[in-house]
Amino acid sequence: MSVRPGDPGDSRDGYARARAGAGFATDMLGLFWAVGPDAISFLQGIVSQDIKGLSPGQAARSFLLQPRGKLDALLWVLRDADRVGIVTDATHQGVAIASLSRWRLRVDVEFHQDRRPVLDVWGPSDRVPGASGGWRDGQGTLVAELRAQPVRRRLVAGRDSQELEQLGAVPLGRAAVDTFRVEAGEPRMGIDVDGRTIPQETGLVPEAVSFTKGCFLGQELVARIDSRGRVNRHLRAIRMLGPAVPPSGARVSHGAKVVGELTTVAASPVHRAPIALALIRREAPPGTRVTVTWEGARAEAEVHGLPMTVRDG
């Protein structure tokens with residue numbers, strides 16, 4: 001990233017300035033386009049979101065699933081009149097394009113990477129361009145609203161870092177972005193979730209899946225769990241009850257049973273503690289006290305739902 005460890009954007013000050021105004025990272029998100037006469041109908045039958053049900057200018061979450069229903073990619077889709085923008089983790093963009101291309105049989109659709117600089121912006125400031133809950137692309141700048149709470153997140157393409165700094169936004173390092181992601185419950189593919197993850201485990205199904213649009217790739221598993229099943233794990237936040245900062249991969253135990261392991265680990269000024277994401281078994285719901293162990297060390301922690309809420313006191 002453009003911010004080195006120890007630079008202002010990688011500190012508590014950078015996090016605080018972004019939370020009160022805006023901060024941006026330069027290599028977190030990727031953007032590509034599905035174009036061609038069959039772009040919308042093709043994606044309608046592949047991804048979990050109801051592409052045809054969205055109006056031009058709307059943005060929504062979606063999943064790209066494997067045929068058996070587990071995750072292949074986490075997406076946002078940007079519906080246009082005759083094309084669809086697809087937002088992914090920057091490191092997973094090539095994988096998503098390759099996966100979609102495997103199903104491109106006898107259809108006129110192509111995938112083109114957006115060549116503009118893509119910035120991941122966190123914070124409420126209206127000085128940075130916004131899109132009123134959807135997305136817009138004009139005068140060389142694309143803006144897409146990705147989430148509103150607990151901290152606003154948007155994609156800005158076509159503005160460089162210097163331009164955003166002139167608008168008052170601060171560059172953010174990985175540590176600050178990870179703090180925002182953990183608090184919001186924003187998993188990264190390949191880090192917090194992977195190809196073994198069931199969509200319902202992410203907590204994102206209500207936003208990402210249409211159960212009324214008809215068939216899509218991997219629908220059977222998602223629909224079966226929704227109608228009569230349950231999953232054994234859920235994406236949760238873990239808040240440490242002391243100052244110890246465990247590494248990713250640290251085990252989370254409830255009683256004598258290991259119920260998960262930490263993935264993204266961060267430090268949260270607003271929660272005044274180290275925090276982490278983890279896929280936690282249902283035996284340890286939010287509010288449960290757990291033990292985190294690593295390399296001969298152990299510390300107490302608490303399971304939280306997502307997004308994390310700030311408690312008084």
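Buried means under 20% relative accessible area, exposed over 50%, and partly exposed in between. Keep that scale at hand for these exercises on a predicted model.

**Exercise 1.** Is Arg152 buried or exposed, and which residue forms a salt bridge with Arg152?

*Solution.* 
- Step 1: Arg152 has a relative accessible area of 15%. The cut-off for buried is under 20%, so Arg152 is buried.
- Step 2: Look for the partner. Glu145 forms a salt bridge with Arg152, and their closest N and O atoms are 2.5 Å apart.
- Step 3: Glu145 counts as buried, at 10% relative accessibility.

**Exercise 2.** Work out which parts of the chain are tied together by the pair Arg233 and Glu201.

*Solution.* 
- Step 1: Arg233 and Glu201 form a salt bridge, with 3.0 Å between the closest N and O atoms.
- Step 2: Arg233 belongs to strand S12 (residues 233-240), while Glu201 sits in the loop between helix H5 (174-184) and helix H6 (205-208), so the pair ties together parts that are 32 residues apart in sequence.
- Step 3: Now the accessibility. Arg233 is partly exposed at 25%, whereas Glu201 is buried at 5%.

**Exercise 3.** Classify Asp80 and Arg83 on the accessibility scale.

*Solution.* 
- Step 1: The side chains of these two residues, Asp80 and Arg83, meet in a salt bridge (2.8 Å, N to O).
- Step 2: Asp80, with a relative accessible area of 19%, is buried.
- Step 3: Arg83 has 23% and is partly exposed.

**Exercise 4.** How many salt bridges does the structure hold?

*Solution.* 
- Step 1: The count is 19 salt bridges.
- Step 2: A network of salt bridges links Arg61, Asp120, Arg147, Arg153, Glu186 and Glu207.

Definitions and conventions:
Residues are numbered from 1 along each chain as its sequence is written. This is a predicted model: local features need pLDDT of at least 70, side-chain atom pairs count only at pLDDT 80 or more; totals for chains, interfaces and linings use all residues. Side-chain values use heavy atoms; hydrogens and water are left out. A salt bridge is a side-chain nitrogen of Lys or Arg within 4 Å of a carboxyl oxygen of Asp or Glu. Buried means under 20% relative accessible area, exposed over 50%, partly exposed in between (1.4 Å probe, protein chains only). Helices (H or I, at least four residues) and strands (E, at least two) are DSSP runs, numbered from the N terminus.
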